[in-house]
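I opened this entry to log what I looked up, site by site. My notes follow the structure below.

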Amino acid sequence: MKKIKTITCIGAGYVGGPTMAVIASKCPEIKVNVVDINEKRIAQWNDADVNNIPIYEPGLAEIVAETRDKNLFFSTEVDQAIDEAEMIFISVNTPTKTYGIGKGKAADLKYIELCARQIARVAKDDKIVVEKSTLPVRTAEALTSILHNTGNGVKYHILSNPEFLAEGTAIQDLLKPDRILIGGDSDTQEAREAMQALVDVYAHWLTDEQILTTNVWSSELSKLTANAFLAQRISSINAMSELCEKTEADVDEVAKAIGMDSRIGPKFLKASVGFGGSCFQKDILNLVYISQSLGLQEVADYWEQVIIMNDHQKRRFAQHIVKTLYNTVSGKKISLLGWAFKKDTNDTRESAAIYVSDYLLSEHAKIVVYDPKVSSEQVYADLEYLGTHDPAFIREQVKVVSSPTEACFQAHAVAIMTEWNEFNTYNWKEIYQHMMKPAFLFDGRNILNRYEMKEIGFEVYAIGKGPSIQIA
Ligand code: UDX
Ligand code: UDX
Ligand code: ADP
């Protein structure tokens with residue numbers, strides 16, 4: 001049986017970086033190369049000060065400090081790293097297509113294909129190729145086709161090993177996963193050995209029961225299904241949050257009551273301003289696209305509703321701000337606390353804060369953003385990417401500041417966009433004193449005690465809380 005001595009991961013992002021750091025730490029005898037075409041990103045991973053690595057993830061810097069330049073290496077030498085490894089993880093980005101067929105829904109596989117072609121060009125001996133990026137079902141088939149038609153006699157075994165880690169808890173999720181899923185072919189002895197080689201990597205720290213093997217298609221579809229189910233729970237509770245606001249019900253009480261039913265379970269029932277992140281929307285759109293392509297319109301419509309509800313939740317939060325502020329926010333200072341799509345990450349992809357801001361900008365609000373981990377350049381880039389507003393207008397209307405006090409100073413309203421723990425530790429009395437009156441507080445995450453806030457003097461709106469405390 002083939003023993004893996006070197007692993008290469010193509011793509012040093014939110015998935016590749018943490019996953020490889022944990023593999024390197026748990027498998028000291030395996031050399032782990034992480035390569036990327038983005039020179040700046042690799043330079044950051046190699047920064048002498050480990051706190052400057054490009055991804056903020058609790059516990060990651062410590063693991064990188066312990067393994068980097070021992071058995072974990074970051075570089076832009078993609079060819080060399082492909083050549084050297086017996087096992088290659090593909091962990092490049094697969095964004096939603098912004099052009100052509102499937103625009104706005106299908107996953108853009110150009111980066112995956114480029115990787116496959118590069119592997120095919122460089123490889124001189126047999127390789128196990130592991131799909132780590134989230135991919136549409138049957139991508140393995142495309143990979144197989146590209147890799148097997150190179151004519152240079154190299155044998156490839158394609159495995160699907162979807163990532164279930166969540167950002168902000170990536171290291172814990174990698175160290176103690178609910179399960180590891182490996183999809184592969186079990187028709188031949190060689191194929192079974194390839195699958196076993198990857199099982200053996202994870203077996204350094206996980207038990208057999210935690211490692212699930214399936215055929216490659218089940219593995220690919222399970223990843224999309226898991227994300228679709230998770231996102232569906234959020235859209236379901238968010239749908240209820242709107243109903244709660246029109247009645248005397250409290251969405252947190254409802255979530256607790258239903259979560260105690262063991263068939264439903266308590267997790268992932270937190271009503272919010274809308275889910276974000278690089279996976280949920282992309283994967284569901286992908287599922288919708290695949291279903292439509294296969295003529296399954298009802299299936300497509302069923303899942304699309306999860307996205308429609310999420311878009312509605314973001315928009316109605318922004319609309320509620322405008323309505324509450326006497327139907328105009330033009331020239332008013334609105335302070336947004338949090339820009340990341342969730343706490344404990346600097347990732348902003350698809351964050352609700354971007355869409356809420358975009359809407360408020362259309363209403364000519366002055367927006368001030370504070371996030372403990374997101375840079376001002378990222379905030380501007382996110383808004384510019386949407387293309388709704390002119391970059392000059394965005395820079396004129398939006399300020400990014402480095403303290404919450406500054407963000408809230410003389411603001412007409414404060415909106416909580418991310419559930420950062422530190423937001424609960426602020427001196428809200430002092431913040432209140434320095435705000436315009438009436439001082440409005442919109443809690444998009446239900447993290448503050450609204451009764452305490454009301455006592456201080458705030459006019460409070462919290463997602464899914466009954467009309468007794470509602471303003472408009
Ligand atoms: C998700 C999946 O959880 C993970 O398994 C997969 O590998 C990648 O996609 P991630 O996007 O990193 O992970 O974060 P997650 O914790 O799932 O949160 C996604 C979004 O949903 C965030 O914006 C979060 O704030 C929101 N959310 C989550 C809620 O609004 N309510 C909840 O109850 C849970
Ligand atoms: C349901 C609720 O479970 C219960 O809590 C509530 O008080 C009344 O409604 P019931 O209708 O008696 O109870 O049965 P349940 O076991 O929930 O099944 C309902 C239907 O769903 C059945 O037709 C069942 O066959 C079907 N089902 C259930 C599935 O198709 N798949 C499943 O995984 C579970
Ligand atoms: P994810 O969340 O899936 O990890 P990221 O965008 O954070 O996504 O990371 C993907 C990384 O893959 C990026 O740093 C990008 O530069 C890199 N990448 C994309 N295509 C290639 C390629 N052909 N070769 C090497 N790296 C690539």
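I started with Cys 279, which is partly exposed at a relative accessible area of 25%. Here buried means under 20% relative accessible area, exposed over 50%, and partly exposed in between, with a 1.4 Å probe and protein chains only. UniProt, in an unreviewed entry, gives Cys 279 the annotation "active site". I kept in mind that UniProt positions are given in the numbering used here, that feature names are shortened, and that annotations may be inferred rather than shown by experiment. I found Cys 279 in the loop between α10 (251-259) and α11 (280-293). Helices (H or I, at least four residues) and strands (E, at least two) are DSSP runs, numbered from the N terminus.

I noted the ground rules next. This is a predicted model, in which local features need pLDDT of at least 70 and side-chain atom pairs count only at pLDDT 80 or more, while totals for chains, interfaces and linings use all residues. Residues are numbered from 1 along each chain as its sequence is written, chains are lettered from A and ligands numbered from 1 in the order in which they are written, and side-chain values use heavy atoms, with hydrogens and water left out.

Most residues other than glycine have a negative phi, and most peptide bonds are trans. Is Phe 268 buried, partly exposed or exposed? I logged Phe 268 as partly exposed, at 38% relative accessibility.

**Ligand 1**

I counted 20 residues around ligand 1. A residue is near a molecule if one of its heavy atoms lies within 4 Å of it. The closest are Phe 164, Glu 167, Ser 272, Phe 341 and Arg 445. By class, the shell holds 11 nonpolar, 3 polar and 6 charged residues. The classes are Ala, Val, Leu, Ile, Met, Phe, Trp, Tyr, Cys and Pro as nonpolar, Asp, Glu, Lys and Arg as charged, and the others, Gly among them, as polar. Helix α9 (residues 216-246) gives the largest share of this shell, 4 residues.

Where does ligand 1 lie relative to the domains? I placed ligand 1 between domain 1 (6-214) and domain 2 (230-469), because both give residues to its shell. Those bounds come from an automatic or database domain assignment.

I then checked polar contacts, meaning pairs of N or O atoms within 3.5 Å; within protein, one must be able to donate a hydrogen and the other to accept it, and residues adjacent in sequence count only if both atoms are side-chain atoms. A polar backbone atom of Phe 164 is 2.7 Å from an oxygen atom of ligand 1. For Leu 165, a polar backbone atom is 2.8 Å from a ligand 1 oxygen. A backbone N or O atom of Lys 270 also lies 2.8 Å from an oxygen atom of ligand 1. The protein covers 91% of the 660 Å² of accessible area that ligand 1 has on its own. Accessible areas come from the Shrake-Rupley method with a 1.4 Å probe; for residues, only the protein chains shown count as cover.

**Ligand 3**

I found 15 residues around ligand 3, with Tyr 14, Val 15, Asp 36, Arg 41 and Arg 349 nearest. Its shell has 7 nonpolar, 5 polar and 3 charged residues. From the backbone, a polar atom of Tyr 14 is 3.0 Å from a ligand 3 oxygen, and an N or O atom of Val 15 lies 2.9 Å from one. Arg 349 uses a polar side-chain atom, 2.9 Å from an oxygen atom of ligand 3.

**Backbone checks elsewhere**

Asn 446 has a positive phi near 50° and is not a glycine. I located Asn 446 in the loop between β13 and α18 (450-456). Asn 446 is buried, at a relative accessible area of 10%.

Which residues does a cis peptide bond join? I noted Lys 437 and Pro 438, with omega about -5°. Pro 438 sits in the loop between α17 (428-433) and β13 (440-443).

**A serine contact**

Ser 133 is in the loop between β5 (127-131) and α6 (139-148). I logged Ser 133 as buried, at 9% relative accessible area. Its side chain reaches the backbone oxygen of Val 92 at 2.8 Å.
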